[in-house]
Amino acid sequence: MSRMLDETKEKRIIERRRKNRISKISSVAMPILGIVMLFLIWELWVILGDFPTWQISRPSLIIRSMLEDFELYWPNIVRTFTSILKGWVAACLIGVVMGALMANYALLGTTLTPYINLLCTLPVITLVPMMYVFMGIGRDVIIIAIILQSFAIVTMNSSTGFMNVPVMRIELMTSLRATKRQTFFQCMFPSAINNVFTGMKLSAIFATTTCVAAEVNGSTVGLGALVIEAKTYVRTDQMFGSILFIAIIGVFFYMLSDALEAVLVKWKE
Amino acid sequence: MKASKIRTENLNKVFHTRHQDIYAVKDANIDIREGEFVSLIGPSGCGKSTIIRMIDDIIKPTSGSIYIDGKEITSYKRIPKEINQKMGFIFQLPNLFPWLTVRENVGIACRIYKIRDEGTQRYIDELLEMAGLTEYQNAYPAEISGGVMQRIGVIRAMVHKPEILLMDEPFGALDAMTREKLDMEILDIWKKLGTTVIFITHNVEEAVLLSDRVYVMGTNPGRITREITLDLERPRSLDLLTERKFQDYCAELTECIGHVDLRKVK
Ligand SMILES: Nc1ncnc2c1ncn2[C@@H]1O[C@H](COP(=O)(O)OP(=O)(O)OP(=O)(O)O)[C@@H](O)[C@H]1O
Ligand SMILES: [Mg+2]
């Protein structure tokens with residue numbers, strides 16, 4: 001009886017592994033293939049349409065610029081990367097703590113929920129010019145903007161997670177007379193962690209877009225600023241190069257949270 | 001006669017919901033002696049779970065008293081650790097934590113109670129062995145079948161060596177064959193450890209097969225309507241199922257429950 005169970009289990013596992021392998025290969029290969037196709041079409045379109053380079057650049061020139069002018073990009077890449085990193089990490093911490101508090105204290109939850117929803121939908125970038133006026137052009141404004149824009153989505157998702165912990169799990173902790181702290185860390189947090197990660201991934205996207213938008217709006221450093229500068233000097237190749245680097249950074253942060261999740265969440269609900 | 005282990009006095013529980021007040025338990029008086037195996041039986045929604053959840057201090061009664069070993073526990077805001085550790089609760093569903101391995105799930109009580117001696121680890125080994133789970137101990141719940149999971153739920157309630165086991169339809173979700181097998185295992189464990197058991201079920205045969213005594217409950221409001229002492233020999237085996245005396249008890253119980261249901265329809 002148990003042997004039979006084991007056999008079917010084994011089959012299932014093998015099947016799952018096979019599926020995983022296919023999806024792993026294709027999940028890397030297909031997007032790359034897609035990008036290559038896109039670049040090819042773009043390249044041909046620009047060449048055949050005979051567009052002037054000040055109007056639009058093409059991938060071969062952009063990639064050449066990304067390699068040749070790398071020294072120009074590098075300090076801006078570092079600046080944008082670290083701004084996003086700082087803002088995003090702060091946003092995640094604030095978001096999780098607030099989500100936990102709002103789920104545990106009903107009054108706080110009902111009080112803050114509308115504001116959290118508002119912050120999720122409000123484009124914080126619209127406030128940035130005003131913030132520059134109050135706080136001066138500088139990096140603090142950018143990081144604050146990132147935090148404002150991206151912590152709320154973490155809060156929203158994690159408080160949903162904390163509130164949807166199955167009642168019976170909490171009852172098990174009560175039946176063992178667990179302290180509030182034990183209940184939170186040994187039951188609620190692991191139950192909610194999937195939602196927390198969903199929030200973190202979305203917030204990585206928010207953080208990237210907000211950072212670049214704030215840089216576009218009045219910074220002198222960072223990839224966002226470089227886009228504007230390149231446009232002023234009619235260097236469309238550098239402009240697109242900066243945009244590509246921004247995309248790479250954004251994808252990096254998204255994948256970072258994915259990888260963190262894969263390392264920390266090894267179980268299935 | 002042995003001393004009273006669990007006793008309730010006019011126990012009441014009313015749930016106030018948005019639309020109505022639900023009288024889940026009304027004036028329940030039960031008295032269970034040390035080492036006794038007692039079943040609570042009744043139709044769905046008659047307040048069976050509510051009674052043992054009050055005994056285990058998962059929820060507070062609206063009024064009435066509960067005594068464990070003669071000590072009143074309802075007056076405490078939170079029952080003392082010593083009394084809480086006398087009890088082990090087995091849930092209607094396996095209710096395992098998916099992020100813990102089988103072994104870690106079994107040992108959760110030790111983690112919460114901060115029991116860290118070597119003897120406990122050995123006791124966990126023993127329990128796993130007894131339940132035939134040794135080979136699964138490092139698996140995660142998502143990887144195992146329902147019957148195995150429910151076994152884990154059972155031995156999880158026993159790691160801290162409770163004197164009382166409160167079992168809320170532990171095998172209700174399983175097929176009849178697996179259930180009978182696990183019922184026999186429960187009797188073995190009960191005999192070996194000498195625990196006091198409150199066993200909830202809505203299966204008449206299961207109640208008669210296992211218990212010394214059965215409380216029958218009815219709905220609306222949830223209350224105890226009958227108490228039947230079973231005069232059947234121990235140790236019991238599945239052979240009992242075909243015996244005349246057994247079947248008579250089953251018929252009697254079925255009738256009690258049936259009456260209750262009819263009254264509810266009116
Ligand atoms: N937290 C709660 N809030 C409101 N009503 C509740 C709550 N818990 C239980 N009830 C109600 O109390 C009554 C008794 O519930 P209980 O779970 O004790 O029934 P039960 O006999 O265990 O039923 P089952 O066999 O289906 O498990 C039901 O009508 C149920 O809807
Ligand atoms: Mg129940």
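Modeller: A salt bridge is a side-chain nitrogen of Lys or Arg within 4 Å of a carboxyl oxygen of Asp or Glu. Please note that the model shown here is predicted.

Biologist: How many salt bridges does the rule find across the interface of domain 1 of chain B and domain 2 of chain B?

Modeller: The rule finds one across that interface. A salt bridge joins B:Arg151 and B:Glu185, with their closest N and O atoms 3.4 Å apart.

Biologist: Where do the two domains lie along chain B?

Modeller: Domain 1 covers 4–86 and 163–265, while domain 2 covers 91–161. Taken over C-alpha atoms, their centres are 24 Å apart.

Biologist: How many residues of each domain are in contact, and what area is buried between them?

Modeller: In domain 1 of chain B, 19 residues are in contact with 14 residues of domain 2 of chain B. About 1400 Å² is buried between these domains, and carbon and sulfur atoms give 60% of that area. On the side of domain 1, B:Gln85, B:Leu165 and B:Ile189 lose the most area to domain 2, together 27% of what that side buries.

Biologist: Which classes of residue make up the side of domain 1 of chain B that touches domain 2 of chain B?

Modeller: That side of domain 1 has nine nonpolar, three polar and seven charged residues.

Notes:
Residues are numbered from 1 along each chain as its sequence is written. Chains are lettered from A and ligands numbered from 1 in the order in which they are written. This is a predicted model: local features need pLDDT of at least 70, side-chain atom pairs count only at pLDDT 80 or more; totals for chains, interfaces and linings use all residues. Side-chain values use heavy atoms; hydrogens and water are left out. Domain bounds come from an automatic or database domain assignment. Contact means heavy atoms within 4.5 Å. Buried area is the accessible area (1.4 Å probe) that two parts lose on being put together, summed over both. Ala, Val, Leu, Ile, Met, Phe, Trp, Tyr, Cys and Pro count as nonpolar, Asp, Glu, Lys and Arg as charged, and the others, Gly among them, as polar.
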